[in-house]
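Please work through each solution with the structure in view.

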Amino acid sequence: SSSSSDVYLLDYGAGNVRSLVNAVHQLGYTLKTIEAPEDILKAQKILFPGVGAFGHAMSSLKSKGYVEPLKEYLRSGRPFMGICVGMQALFEGSDETPDVPGLGVLPGTVRQFRNDTKTVPHMGWNLAQLTLAQTVGIEDERQPVYFVHSYAVPYTPRQRPWAMTVTQYGDEQFVSSVQRGAIFGTQFHPEKSGAAGLAMIKAFLAAPLPTALKNPFDLELEQTYWSKVTIPRDMPLLPQDGFTTRIIACLDVRSNDNGDLVVTKGDQYDVRERADEAGAGEVRNLGKPVELAERYYHDGADEISFLNITSFRNVPMHDLPMLEVLKQASRSIFVPLTVGGGIRNVTDPDGRKFSALEVAGEYFRSGADKVSIGSDAVYAAEAYWANVAAGQPEKTGQTAIERIAQAYGAQAVVVSVDPRRIYVADPDDRAAYNDHHLITTRFPGPQGETHCWYQCTVKGGREGRDLDVIQLVVACQNLGAGEILLNCMDRDGTNSGYDLELIRAVKAAVSIPVIASSGAGTPEHFAEVIRETGVEATLAAGIFHRQEVPIPVVKHYLTERKFPIRETSA
Ligand code: 1PR
């Protein structure tokens, strides 16, 4: 007999499982957590969200004594749903960690994406095309789902019997979900895929338990359990994949003068009202963080970023107000959440020390999918280039970027960049600008300067450093960052459009995804930056907060012009 209390979560403590738990709760089910090998054998349904590296996932299962009970569970024909690395674990092994075997329920090896033909990780919304006539939970294959991974199982004839959906990313086609008997797996994250993803989780939870069969892997079981299984289709490589450009809403959060946490928005990073405005000198208040974020989720935001913009002030770690914001937001928002501000080694007022990795861990456990690092990334890049100049190994393994990427995967580490333009009088006088990467600009400086470089800043733009934006992003990519959030102090809050010159230069310097930020004022600004720079995502704050240009208006504008965008019906 089926009872929702028999649904177990297989968690090995590697990252954000809160959003899956929240998704299950939202659907009216409760989850127990597997705490010992015996729990696996008791379970009637298992959900396994894998996070981080394949090898780490498998060795964690092994060290907890879960591998054999899990194999026995899978052989018994009881339902199982693996997500991301939780699906990859079903295969024989992975190139990510060649010496660690997988569970071997499905034939095949997980391979790394080529990154010379496209941006890796594959991070964002893409289509999962059904290879079968009908499968559990996927109601509309035209609704994109959220992926974040650098490894996948290529779709070959060998995978045909188990591939439930196939996804194309650039020049590669991979298995984006599988089904074998009652075993089910998705490479994408249904718990981060909005309403479409919730429907899949619901279908898994609501499906009846299979009656015991002698051979759980036979087609008969597949037909009785998942109904109407047909022979998989051949999937020709399409001229274009279904990958979409993300539209991200960003909330700069801080305490106002009364101590309330508010969403604020600056002009070129100044968040206080000016003398000629009402409430001169006060912190601008555009709303409450969780309420605004929920509005953006329902408006179709593909991702939501929270930046704690006063992180350079010391707060005891466990009182970080953003932890509560994330806990609340992740209960009702099922798209990826990023949090930034204060990701660095900290010392509490009582003298206790916490590493950046521990701070990030608190955020992941509270519901964040990614952390974004600002100031600390600048210091790490400075140390990186100092090591290069001294002929030392450039990586120490000790930076926040390296340690967080190691534990949670590169895709969980965003570097938030706050550059500003510095004009150069004479491009030939290299000593005068310390040989920084120059850009020829169509927007001359106050003295008619035709060249500029972009200076990195720390502490929310309060302090400029002797590091240019290209040096920063190259170093951070090499240290293992998975994405660049590219702000621009000169454009922030101006509504005058993105700084295309800056964005183009950064995009050309790295192979990881780039988010364009600062300056959006009209829907055309989004079209322009996507067309002119090829960024993977665009971000805006002010126009969304002030409801001048809501997200659906931006998305509709872009879709009409044939930009690949996730359109939501809600
Ligand atoms: O240095 O790791 O503690 O991180 C601090 C973080 O806080 C950084 O990500 C930094 O960008 C951010 N931050 C610090 N001070 C400010 C400020 O405004 N005074 N906000 C600040 C950054 C820029 C974007 C903004 C876009 C789009 N604000 O967040 O959302 O520019 O705005 P627009 O669409 O309205 O033009 P650390």
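**Exercise 1.** State which residues carry the UniProt feature "active site" and how they are spread.

*Solution.* The unreviewed UniProt entry places this feature at C84, H189, E191, D252 and D418; such positions follow the numbering used here, feature names are shortened, and annotations may be inferred rather than shown by experiment. These residues span 335 residues of sequence, and in space they lie up to 32.1 Å apart between C-alpha atoms. The model is a predicted one: local features need pLDDT of at least 70, side-chain atom pairs count only at pLDDT 80 or more, and totals for chains, interfaces and linings use all residues. Numbering starts from 1 along each chain as its sequence is written.

**Exercise 2.** Locate E191 and decide whether E191 is buried or exposed.

*Solution.* First, E191 sits in the loop between β13 (183–186) and α6 (194–206); helices (H or I, at least four residues) and strands (E, at least two) are DSSP runs, numbered from the N terminus. Next, a residue is buried if 20 or more other C-beta atoms, placed from the backbone, lie within 10 Å of its own, exposed if 12 or fewer, and partly exposed in between. E191 has 29 C-beta neighbours inside 10 Å and therefore counts as buried.
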